[in-house]
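Hello,

Here is the structure for you to look over. My notes follow below it.

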Amino acid sequence: MRVYVPLTLPGLAEAYKTGELGAGPFVACAVTPGLREWYGSDDTEELEYAALGRAALASLRLLAAEPEAPRRRVVIAVDVADRSVSADPGRGLDPAAPGEVRVAGAVPLGKAASVHVDAADAQADVAAAAEALPAADGGDDDAQSVVDGAEDHELLWFATQEIANLVGRRD
C-alpha cells in the first residue's frame with residue numbers, strides 16, 4: 001500500500017540520518033474507504049493526489065507545532081505492507097481525518113518512492129497558513145482562507161536520491 005507520510009524538513013533530515021521513518025506507530029495518509037467517500041471519486045490517480053493533499057495538510061499542522069522549522073511542507077510517499085497499515089477506529093469517521101492511517105512501525109527510508117516539498121516561494125503563504133490553523137480549526141472563515149492559500153501551492157516532486165540535497169538546503 002502506498003502511504004503519504006507528513007514531515008517537516010527537520011523531520012526529513014532525521015529520517016535521512018537514521019535511514020527510517022517513524023520509530024513506532026505513526027500517522028500517514030492513504031487511499032481508504034473514508035477518503036473515497038469524502039473525495040467522491042473512484043479514479044485512483046485522483047484519490048492518490050487527495051491522499052497527498054491530506055498529508056500536506058498534516059505537514060502544515062506539524063509546522064504549526066514546530067515554529068523553528070523552515071516553512072515548507074514535506075510529504076514522503078512510501079510503499080508498505082498492507083498488514084502494517086490500519087485505520088484508527090476512533091478517527092475513521094471523523095470528517096477531519098479522511099484517509100488517515102497508522103503505520104505499525106518504522107519503515108526503511110529505502111521504501112520511499114518519492115518526496116514532495118514546497119518550493120521556496122511558497123514559504124510566506126505556508127508560514128501564514130501555519131499561524132492561521134488554530135483560528136481556522138475554530139471556525140474562522142478568514143483564517144480558513146489563509147490555510148487554503150497554502151494549498152494553492154503544488155508540492156514539487158523529488159526523487160529519493162535528492163533527499164540529501166533537500167535536507168542540506170534550508171532556503
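**Strand β8 and its surroundings**

In β8, S114 is the bridge partner of A77. Keep in mind that this is a predicted model. That pairing belongs to a set: five bridges join β4 to β8, and the two strands run antiparallel.

β8 also pairs with another strand. Three bridges link β8 to β9 (residues 156-158), again in an antiparallel arrangement. There, V117 has L156 in β9 as its bridge partner.

How much of β8 is buried? Five of its six residues are, so the strand is mostly covered.

**The cores**

In general, nonpolar side chains of soluble globular proteins tend to be buried together. Here the largest nonpolar core has 26 residues. V3, V5, L12, L21, I76, V78 and V115 have the most contacts inside it. Several elements give two or more residues to this core: β1 (2-7), α1 (9-18), β3 (26-29), β4 (74-79), β6 (100-103), β8 (112-117) and α6 (163-168).

Take V115 as a way into the largest core. Leaving out residues up to four places away in sequence, V115 touches L12, V74, V75, I76, L156, W157, F158, I163 and L166.

**D118**

Look next at D118, which sits in the loop between β8 and α4 (123-137). Is D118 buried or exposed? Its relative accessible area is 0%, and the cut-off for buried is under 20%, so D118 counts as buried.

Which side chain does D118 meet in a polar contact of 2.7 Å? The partner is the side chain of R73.

**The aromatic pair**

The count of aromatic pairs comes to one. W38 and Y39 form it. The pair is tilted, with 6.3 Å from centre to centre and 40° between the planes.

Both residues fall between the cut-offs of 20% and 50%, so they count as partly exposed. W38 has a relative accessibility of 45%. For Y39 the relative accessible area is 35%.

W38 has a further neighbour. R54 lies over the face of W38, at 4.9 Å from the ring centre.

Best wishes

Key. Residues numbered from 1 in each chain as written. Predicted model: local features only at pLDDT ≥ 70, side-chain atom pairs only at ≥ 80, totals over all residues. Heavy atoms only, no water. Core = buried A, V, L, I, M, F, W, Y, C linked by side-chain atoms within 4.5 Å. Buried < 20%, exposed > 50% of the residue type's maximum accessible area, 1.4 Å probe, protein only. Helix = DSSP H or I, 4+ residues; strand = E, 2+ residues; numbered from the N terminus. Contact = heavy atoms within 4.5 Å. Pairing = 2+ DSSP bridges. Phe/Tyr/Trp six-rings, centres within 6.5 Å; stacked < 30°, edge-to-face > 60°. Lys NZ or Arg CZ within 6 Å of the ring centre and 35° of its normal. Polar contact = N/O pair within 3.5 Å; in protein donor to acceptor, adjacent residues only side chain to side chain.
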